[in-house]
Amino acid sequence: MEEDPENTRGCCGGGGNNSDPEDDRCSDSDFGPSKLGTKEYWEDAYQQELETFREIGDVGEIWFGEESMSRVLRWMETAKIPEDASILDIGTGNGAFLVELAKHGYRNLTGVDYSPASVELSRNVLKAEDLTDVPVKELDFLNCQGELKDFDVCIDKGTFDAISLNPDNTKEGKILYVKALKDALKNNGFFVVTSCNWTKEQLLDRFSEGFEYVQELPTPKFQFGGKTGNSVTALIFKRVQ
């Protein structure tokens with residue numbers, strides 16, 4: 001069976017996004033807690049990937065696959081996001097998306113992650129690509145306390161998913177995420193979110209205050225039990241006053 005390129009270790013909340021309206025209500029108890037929502041899990045995972053990168057130069061797993069990056073880059077090109085736009089990669093992981101953004105000409109990039117191993121891995125990956133001028137900060141997005149401001153574009157591929165799976169303070173974490181995002185974005189700035197746990201309707205509900213829905217990006221569909229769904233959901237929002 002061919003592996004679904006969108007299926008990664010981050011997708012564990014609900015096994016894909018079902019299109020049944022009865023399942024689209026935004027609830028704080030949609031998913032049970034998971035180790036994928038803990039800092040310890042990601043620190044261990046990125047420490048292993050860091051060691052692998054040092055040994056053989058493999059950057060590790062790309063969250064949601066390479067197509068997830070291409071999808072966002074195509075939208076940025078269509079939306080005419082300028083090359084000097086300030087762009088924040090939330091939960092940068094191994095920094096692979098920062099590399100792709102830089103290769104496409106974007107030069108005002110910042111990555112953040114709360115995992116020290118992720119930050120070290122990202123910096124090593126960027127250095128290998130001669131991109132030492134791209135800053136990667138060790139920072140908890142939920143508690144950044146005004147350090148992140150005035151971004152034109154914020155991009156999240158799976159970080160909100162992981163926050164939603166945190167065994168501790170899940171509800172508070174989702175509230176803090178929205179607040180931090182509002183603080184980080186300029187007015188009329190764009191938020192690009194890719195999720196494998198939340199449906200379009202749930203994300204629209206979660207980001208209903210302070211954000212305006214712009215569009216949905218096409219993602220792979222599947223059929224199961226007579227229903228049609230998406231393996232992931234990718235939405236664009238605009239920050240509004």
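1. Start with two helices, α2 (66–78) and α3 (96–103). The axes of α2 and α3 come within 11 Å and cross at roughly 35°. Here an axis is a line fitted to C-alpha atoms, for helices over the stretch in contact, and angles run from 0 to 180 degrees between N-to-C directions. The crossing of α2 past α3 is right-handed; that word applies when the near helix is turned clockwise from the far one by less than a right angle, and left-handed applies when it is anticlockwise.

2. A word on what you're looking at: this is a predicted model, so local features need pLDDT of at least 70 and side-chain atom pairs count only at pLDDT 80 or more, while totals for chains, interfaces and linings use all residues. Residues are numbered from 1 along each chain as its sequence is written, and side-chain values use heavy atoms, with hydrogens and water left out.

3. Back to that helix pair. Met69, Val72, Leu73 and Met76 in α2 meet Ala96, Phe97, Glu100 and Leu101 in α3, where contact means heavy atoms within 4.5 Å. By class, that makes seven nonpolar, no polar and one charged residues. For the classes, Ala, Val, Leu, Ile, Met, Phe, Trp, Tyr, Cys and Pro count as nonpolar, Asp, Glu, Lys and Arg as charged, and the others, Gly among them, as polar.

4. Now zoom out. The protein has seven helices and 10 strands, taken as DSSP runs numbered from the N terminus (helices: H or I, at least four residues; strands: E, at least two). Of its 241 residues, 50% count as buried. Buried means under 20% relative accessible area, exposed over 50%, and partly exposed in between (1.4 Å probe, protein chains only). Among contacts between residues at least 6 apart in sequence, 77% join residues at least 24 apart.

5. The largest nonpolar core has 38 residues, and Met76, Ile87, Leu101 and Ile155 have the most contacts inside it. Several elements each supply at least two of its residues, including α1, α2, α3, α4 and β5. Apart from it lies another core, of 26 residues, among them Leu139, Leu148, Val178 and Phe207. (A nonpolar core is a set of buried Ala, Val, Leu, Ile, Met, Phe, Trp, Tyr and Cys residues joined through side-chain atoms within 4.5 Å.) In soluble globular proteins, nonpolar side chains tend to be buried together.

6. Have a look at Leu101. Not counting residues up to four places away in sequence, Leu101 touches Leu73, Met76, Ile87, Tyr106, Leu109 and Ile155.

7. Then compare the pair α1 and α4. Their axes are 7 Å apart, at an angle of about 30°, so the two helices are roughly parallel (angles under 35 degrees count as roughly parallel, over 145 as roughly antiparallel, 65 to 115 as roughly perpendicular and the rest as oblique). α1 passes α4 in a left-handed crossing. By class, this contact has eight nonpolar, three polar and five charged residues.

8. Leaving aside neighbours within four places in sequence, its contacts include Gly91, Thr92, Lys137 and Glu138.

9. Lys80 has a phi near 55°, positive in a residue other than glycine. Lys80 is in the loop between α2 and β2, and its 69% relative accessibility is why Lys80 counts as exposed. Asp150, in the loop between β4 and β5, also has a positive phi, of about 60°, although it is not a glycine.
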